[in-house]
Structures are given as structure tokens and as C-alpha cells.
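Student: Hi, I have a structure open and some time to go through it. Can we start with what counts as buried?

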Amino acid sequence: MFERFTKDAREVVQGAIEHGERAGSQSVGAEYLLLALLDREASRASFALAALGLAERKASVREALADARRRAGLSRAEADALAGLGIDVSEIVSRVEEVHGVGAMSGDRQDKGWWSGRRSFGRDAKDVLEGALRVAVARRDRHIGDEHLLLALTSRPGVPAEVLADHGVTFESLTRVLYGGGEAKAG
């Protein structure tokens, strides 16, 4: 599948792997794809994010992703649903962190070394990669660029899409900026 990726898209995937390694994560998740997209400059995705006003708010996006990671990757909607059942996620995170340290619920493996070899991609990241292919095919594009990865992140539920939407970046707004119209959702 990666043979259809542009240089920019490949660099996003490599950047996501590096973000996962730095975090000591067991696998590369969709949030690392978003972090790698935020690192990009002079690409279609970086242009789209800048056009939507995200260039000066990247730190806020990174902070929101870190907060979600502390909640064991639960989106705000999932935390709200649990609150409706009487489960206070913030309280659980606080108690776990009192005993085990800050970030204990993030799933990081700071105390364990990586095995040598390829990093595995989590189901959410695989869904984004597959979604990028679907977006490119739906647009009749021959290659998968970093803009397709960004569109795919916004087209599926989860923390990255929620954080982007909170910052004014949605599938529809990206489609308008990238292609000048609001086309059907692919992904």
C-alpha cells in the first residue's frame, strides 16, 4: 500500500513511528499520525491546516492529545458517556496517577525497551491509512498524499477527529480548503 504514498505521506508515517517511539508506546496510533502531520511544513496538509487557522494553535492540539492520552485514549464523548453511568474518568485518572505516577493510564511502556524490528500500527492508525486510500480513490487521485491522511483522520470517530473539530478542522472544512467544495464523506 505504501507504494502509492507520496513522499510527504511517507514522511508522515515515519514521523508517526518516531512519535510512538519517543512516547514509548506499544504501537503507532492515530494520534501519532496527527502529531506527525502537525510537524509538516510546505505540504498540502500543512497548507490546509494553516488556512483553517491551526498553524498558531498547534500547541493546543498537542496538549489536547496529551490530555486524551492521560485518559487512556478515551475521547471526551466517551468520558461523557461514562459520566452518564456515574463513572468519573477524571477521578479515576487522578487516583491511578497518585499511586502509579502521571501518565500511568496512557499505556506507555517507559520501563520496557522496544523489541527490535518494525513498529506495529494500532487498529485506529490502520483505519486511517485505509481511509486515506478510500479518500484518494473517491477523488480519483493516483497517489495518497498527506492531505488524504488528514482527511481520513477527520472522517472517523476518535480522539484525533474530536481534537481537530474542537479546533475548527473538520472533513467538510478541509474539503473546502483543499478542493473548493463540500464533497461526500469517504472513509
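Predicted model: local features only at pLDDT ≥ 70, side-chain atom pairs only at ≥ 80, totals over all residues.

Student: Where does I17 lie?

Tutor: I17 is part of helix 1.

Student: And what is I17 in contact with, leaving aside neighbours within four places in sequence?

Tutor: V28, R119 and F121.

Student: How far apart are the C-alpha atoms of I17 and L33?

Tutor: They are separated by 8.2 Å. Along the chain, I17 and L33 are 16 residues apart.

Student: L33 takes me to helix 2. How many residues of helix 2 are buried?

Tutor: Nine of its 10 residues are buried, so helix 2 is mostly covered. The buried ones are A30, E31, Y32, L33, L34, L35, A36, L37 and L38.

Student: What covers the buried residues of helix 2?

Tutor: The cover includes helix 1, helix 3, helix 4, helix 7, helix 8 and helix 9.

Student: Take helix 7. At what angle do helix 2 and helix 7 pack?

Tutor: About 55°, and their axes are 7 Å apart. Helix 2 runs over residues 30–39 and helix 7 over residues 123–138. The two helices are therefore oblique to each other.

Student: Which residues meet there?

Tutor: From helix 2, A30, E31 and L33. From helix 7, D124, A125 and V128. This contact of helix 2 with helix 7 has four nonpolar residues, no polar ones and two charged ones.

Student: New topic: the nonpolar core. Which residues touch the most other members in the largest one?

Tutor: L149 and L153 do, out of 43 residues in that core.

Student: Which elements give two or more residues to this core?

Tutor: Helix 1, helix 2, helix 3, helix 4, helix 7, helix 8, helix 9 (159–166) and helix 10 (171–179). The largest share is eight residues, and helix 2 supplies it.

Student: Why would nonpolar side chains be buried together?

Tutor: In soluble globular proteins, nonpolar side chains tend to do that.

Student: Back to L149. What is L149 in contact with, leaving aside neighbours within four places in sequence?

Tutor: F5, A9, V12, L37, V128, L129 and A132.

Student: Now charges. How many salt bridges does the count come to?

Tutor: Nine salt bridges. Side chains of opposite charge can pair when their charged atoms come close.

Student: Show me one. What does R40 form a salt bridge with?

Tutor: With E11; their closest N and O atoms are 2.7 Å apart. R40 sits in the loop between helix 2 and helix 3 (44–51), while E11 is in helix 1 (residues 7–23), so the pair ties together parts 29 residues apart in sequence.

Student: Does R40 count as buried or exposed?

Tutor: R40 counts as buried, at 13% relative accessibility. E11 counts as partly exposed, at 31%.

Student: Next one. What does R62 meet in a salt bridge?

Tutor: The side chain of D39, at 2.9 Å from N to O. R62 is in helix 4 (residues 58–70) and D39 is in helix 2, so to speak two distant parts of the chain, 23 residues apart. R62 is partly exposed at 30% relative accessibility. D39 is partly exposed too, with a relative accessible area of 41%.

Student: And which side chain meets E147 in a salt bridge?

Tutor: That of R44, at 3.4 Å from N to O. E147 is in helix 8 (residues 146–154) and R44 in helix 3, so this pair ties together parts 103 residues apart in sequence. E147 is buried, with a relative accessible area of 9%. R44 counts as partly exposed at 37% relative accessibility.

Student: Which residues do salt bridges with shared partners join into one network?

Tutor: K7, D8, E11 and R40.

Student: Last stop, E3. Where is E3 found?

Tutor: In the segment before helix 1. E3 counts as exposed, at 60% relative accessibility. The C-alpha atoms of E3 and H143 are separated by 8.7 Å, and these residues are 140 apart along the chain.

Notes: Residues numbered from 1 in each chain as written. Heavy atoms only, no water. Axes fitted to C-alpha atoms, helices over the stretch in contact; angles between N-to-C directions. Helix = DSSP H or I, 4+ residues; strand = E, 2+ residues; numbered from the N terminus. Parallel < 35°, antiparallel > 145°, perpendicular 65-115°, else oblique. Contact = heavy atoms within 4.5 Å. Nonpolar A, V, L, I, M, F, W, Y, C, P; charged D, E, K, R; others polar. Salt bridge = Lys/Arg side-chain N within 4 Å of Asp/Glu carboxyl O. Buried < 20%, exposed > 50% of the residue type's maximum accessible area, 1.4 Å probe, protein only. Core = buried A, V, L, I, M, F, W, Y, C linked by side-chain atoms within 4.5 Å.
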